[in-house]
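Hi,

Here is the structure you asked about. Please open it alongside this note.

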Amino acid sequence: MPRALTLGNGDLLVNFDARYNMVDLYWPYVGRENQTDGHACRMGIWADGKFAWIEDGAWQKQICYRRDTLVSDVVMENAALGLRLRCSDAVDFHEPLLVREVNIEDLAGRTRDVRVFWHHDLRLFGYDLGDTVFFDPKTRCLVHYKAKRYAILGCFGSHGFGAQRWATGKKGFSGAQGTFVDAEDGVLSQNPIEQGSVDSTMGVDVQVPASGKSSCAMFLGMGETYGDVREQAERLRARSTAVYLRRTDAFWRLWVARDRFDYGELPAEVVDLFLQSLLILRTQIDNRGAIIAANDHDITSFARDTYSYMWPRDGSIVAAALDAAGHVDVTSHFYKFCARSVTADGYLLHKYNPDGSTASSWHPWVGAEGTEQLPIQEDETALVLVARSVHRPALAFVRSVGGAARRFDLDLRRGGGRAAIGASVRPGVRRERDGLALRARGGRDRPRDGRAPLEPVAETFCADAGAQAGRIVRAGHVRGRVAVRRVAIRRLRTRRSEGRGDDARHPREIVGADRRRRRRAVRVRSLPAARKRRRGGAGQSVVHLHAVARAARHRQGAIGGRSARVHSAAGLGVASRAAQRDSRRAIASIYGRALVRVAIDVVAR
């Protein structure tokens, strides 16, 4: 479900719902280990013997962000209590620390005795078994812990530092509702410790002058040991929450850099939305590189799973947008994440957990006939190549998208070849190809093992194009120093139809063997002699391959010249007549074989 506020720093992510309850707290990974397991952590106000939780309908709320930053600006008013609250929340840009400041204004025209309560239903590691919460007299804060997960909770107010009021207790079994019920009379039990399925509530007293304002604050810090969270509390005691709010506000204003672009005549509302979108995108990205699809717990109620995963396809789209916006410091970690995740066979799987482990999937490893297949969607790998080209030319770590006989469409569930997936795969092949051509001309980072990264790509993609009823028919291009204008497709097709198999010769040999078919053959320009000598022998042939669809023109009289090319943004064509199926299969297969030989020649030496 949508969240009204998302605040984060790449390690700690906190979500608030539309009622201004904190409902998600992810740490130490963005999207992994929801320390609340989706349960609400409430805020309540007691004034002059009356109590109201912020989630109550009596509050009129306006929930938004400060401009150009990840600090909230929440205004709430309750006519029955005669109070207006203005709240600022932020996750510190550097530490796993949430700070919340509350400014209280009297609307009744008299001095007010107000008590602010914060209830926390923490379930460390994402489950409520074996938790402990206690009041720590050294820091005067509440501490939740389980194994290597510690959370510290404290307050600031007129009394100074620490929880002025507190309660710890059980919840969720034997009729125990939780300590939040204890707060509704304005007094807490001061129970010092509890274990099992536990929660806690803390509060602070605030004196508000007539028609005046007063403030208080609270904080929540995360760590792996008691020492970690105790040090956080000591730093806060010395600096105050105002310092953390101020520095976080300044950091995000600097990061988003409003003055980075010339917006021309764009309306201010559009510019604000663009910058706010960048900030919200950043909260969903883990500092170790995982770009998470969506982070909330509500979906588990009907799917028993979440969207807190890194889909390479979705992540690459976000990464390309952030690169275009100039935030390459963030996206570089995404590409490193992909480099660590790519399999030994050279492809990326369906999705990954934020820590890099393989996530849940519904793609089968075996087909309907019992044959082995790869549980992948090719655009998951191909779009990473496309996005990488925006970030930096070429992507050396991906060598292929494997040999899957079955593909999955954009909703990831239905099998079968799709033009949309092909449209993603082809640009990915192009990006890798351009990098190969650059390296063949003497660029850095040339492959050392002599393998041809394009070979499995071309062979798999082109063969499948024919096998899937010839849906995708269009020649590709492999650009390089040596330009080959055309391939003798008719001659290759003829040999295939006569049962002699595919012509294993290089296209240059075809030229010498059949000059009369020169217009449909290969014209080769060799590398300069000096370049050949520098490379030590016969020059490499980086081939520009153009497969001409006219080879099937004589069949059905339907394919010929431009009519065979149905234009699309990705350079792919979709044929419309079933009668052309055999011809299209032949073209796709021949083109695949030729491209394989070309790719091998690109990097073989």
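Predicted model: local features only at pLDDT ≥ 70, side-chain atom pairs only at ≥ 80, totals over all residues.

Residues are numbered from 1 along each chain as its sequence is written, and side-chain values use heavy atoms, leaving out hydrogens and water.

**Whole chain.** The protein chain has 13 helices and 19 strands. These are DSSP runs, numbered from the N terminus: helices are H or I with at least four residues, strands are E with at least two. Of the 605 residues, 54% are buried. Buried means under 20% relative accessible area (1.4 Å probe, protein chains only).

**Helix α1.** It covers residues 226-239, 14 residues in total. At 1.5 Å a residue, counted for one less than the number of residues, α1 should span 20 Å, and its end C-alpha atoms are 20 Å apart, which agrees. The buried residues of α1 are Val229, Gln232, Ala233 and Leu236. They sit on the same side of α1, because their arc is only 95 degrees around the axis. That arc uses the directions from the helix axis to the C-beta atoms. After α1 comes Ser240, with a positive phi near 80 degrees.

**His350.** This residue lies in the loop between α6 (328-341) and α7 (378-391). His350 counts as buried because its relative accessibility is 2%. Its side chain makes a polar contact with the side chain of Ser361 at 2.8 Å. Another polar contact, of 3.2 Å, joins the side chains of His350 and Trp311. A polar contact is a pair of N or O atoms within 3.5 Å; within protein, one must be able to donate a hydrogen and the other to accept it, and residues adjacent in sequence count only if both atoms are side-chain atoms.

Best wishes

Notes. Buried < 20%, exposed > 50% of the residue type's maximum accessible area, 1.4 Å probe, protein only.
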